[in-house]
Amino acid sequence: AMAICTSLLTDGPASALFAAQTTAHLCRTQEPGDTGADAVLGLLRAAVAAGFSNAILTQFSLAVCALVGRLKAWPMIALVPTLRGALDGSPILLELLTLLPEEIGSNHLALGGDLLDEVREQLCSSAAPAVVELCLATLGAADGGAAALRCLAAWAKGSILPWPTLAPAM
């Protein structure tokens, strides 16, 4: 299915949107292969490079979030560096990280209570410091300040931004 979605990216915006929605649905409902997370991130990177609309980028971002929420992506300690390496310089990086707290708690993933607690704990302990660092670095940018604040607010609202992680930035 991922190979079909990849080929649809070259067929124009309508096909790309279908590919993005299909990818998001598959990541929410099926077990990915061993390279699923990297393939989805590659689709997102290709969509960014092609200059597709936010609707398409958001669907691919939700797919990445679903894999993270199902613990089928990268180790949490490597989450932000991996995403940053693939998407650095793109505003979609902060948007993806802003979507993550809401997506892991959504009914679309239907995570059990124990898995949801595990994901939140791993995000708090391993990914949150890197998110704060990224947001602080982006706050000074003229076009990134609002996105950085939205990201931090989403993580705080999702209870995955512990105070000790944020306190040194104050």
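Visitor: Leaving out residues up to four places away in sequence, which residues does Thr23 touch?

Guide: Please keep in mind throughout that this is a predicted model. Thr23 is found in helix H2, which covers residues 13–29, and residues up to four places away from Thr23 in sequence are not counted here. The residues that Thr23 touches are then Met2, Cys5, Val40, Leu43, Phe60 and Ala63.

Visitor: Is Thr23 buried or exposed?

Guide: The relative accessible area of Thr23 is 0%, and a residue counts as buried when this value is under 20%. Thr23 is therefore buried.

Visitor: Are H3 and H4 roughly parallel or roughly antiparallel to each other?

Guide: The axes of H3 and H4 come within 9 Å and cross at roughly 160°, and the crossing of these two helices is left-handed. Angles over 145 degrees count as roughly antiparallel. H3 and H4 are therefore roughly antiparallel.

Visitor: How many nonpolar, polar and charged residues are in the contact of H3 with H4?

Guide: On the side of H3, the residues that meet H4 are Gly36, Ala37, Val40, Leu41, Leu43, Leu44, Ala47 and Val48. On the side of H4, they are Ile56, Leu57, Phe60, Ser61, Ala63, Val64 and Leu67. Divided by class, the contact of H3 with H4 has 13 nonpolar, two polar and no charged residues.

Visitor: Does Gly36 count as buried or exposed?

Guide: Gly36 has its place in helix H3, which runs over residues 36–49, and it is one of the H3 residues that meet H4. Its relative accessibility is 9%, and the cut-off for a buried residue is under 20%, so Gly36 counts as buried.

Visitor: How is H6 oriented to H7, roughly parallel or roughly antiparallel?

Guide: Helix H6 spans residues 92–104 and helix H7 spans residues 113–139, and their axes come within 11 Å and cross at roughly 155°. Since an angle over 145 degrees counts as roughly antiparallel, this crossing makes H6, in relation to H7, roughly antiparallel.

Visitor: What is the division by class of the residues in the contact of H6 with H7?

Guide: The crossing of H6 and H7 is left-handed. From H6 the contact takes Leu93, Leu94, Leu97, Leu100 and Ile104, and from H7 it takes Leu116, Val119, Arg120, Leu123, Val131, Leu134, Cys135 and Thr138. The residues of this contact divide into 11 nonpolar, one polar and one charged.

Visitor: And how is H6 oriented to H8, roughly parallel or roughly antiparallel?

Guide: H6 and H8 pack at an angle of about 20°, and their axes are 8 Å apart. Angles under 35 degrees count as roughly parallel, so the orientation of H6 to H8 is roughly parallel.

Visitor: Which residues of H8 does H6 meet?

Guide: The crossing of H6 and H8 is left-handed, and H6 brings Leu94, Glu95, Leu97, Thr98, Leu100 and Pro101 to the contact. The residues of the contact divide into nine nonpolar, one polar and two charged.

Visitor: Does Leu71 count as buried, partly exposed or exposed?

Guide: Leu71 lies in the loop between helix H4 (54–69) and helix H5 (76–87), and it has a positive phi of about 55° although it is not a glycine. Its relative accessibility is 29%, which falls between the limits of 20% and 50%, so Leu71 counts as partly exposed.

Visitor: What does Ser159 count as, buried or exposed?

Guide: Ser159 is found in the loop between helix H8 (145–157) and helix H9 (163–166), and its phi is positive, about 60°, although it is not a glycine. With a relative accessibility of 54%, and with exposed meaning over 50%, Ser159 counts as exposed.

Note on methods. Residues numbered from 1 in each chain as written. Predicted model: local features only at pLDDT ≥ 70, side-chain atom pairs only at ≥ 80, totals over all residues. Heavy atoms only, no water. Helix = DSSP H or I, 4+ residues; strand = E, 2+ residues; numbered from the N terminus. Buried < 20%, exposed > 50% of the residue type's maximum accessible area, 1.4 Å probe, protein only. Contact = heavy atoms within 4.5 Å. Axes fitted to C-alpha atoms, helices over the stretch in contact; angles between N-to-C directions. Parallel < 35°, antiparallel > 145°, perpendicular 65-115°, else oblique. Left-handed = near helix turned anticlockwise from the far one by under 90°. Nonpolar A, V, L, I, M, F, W, Y, C, P; charged D, E, K, R; others polar.
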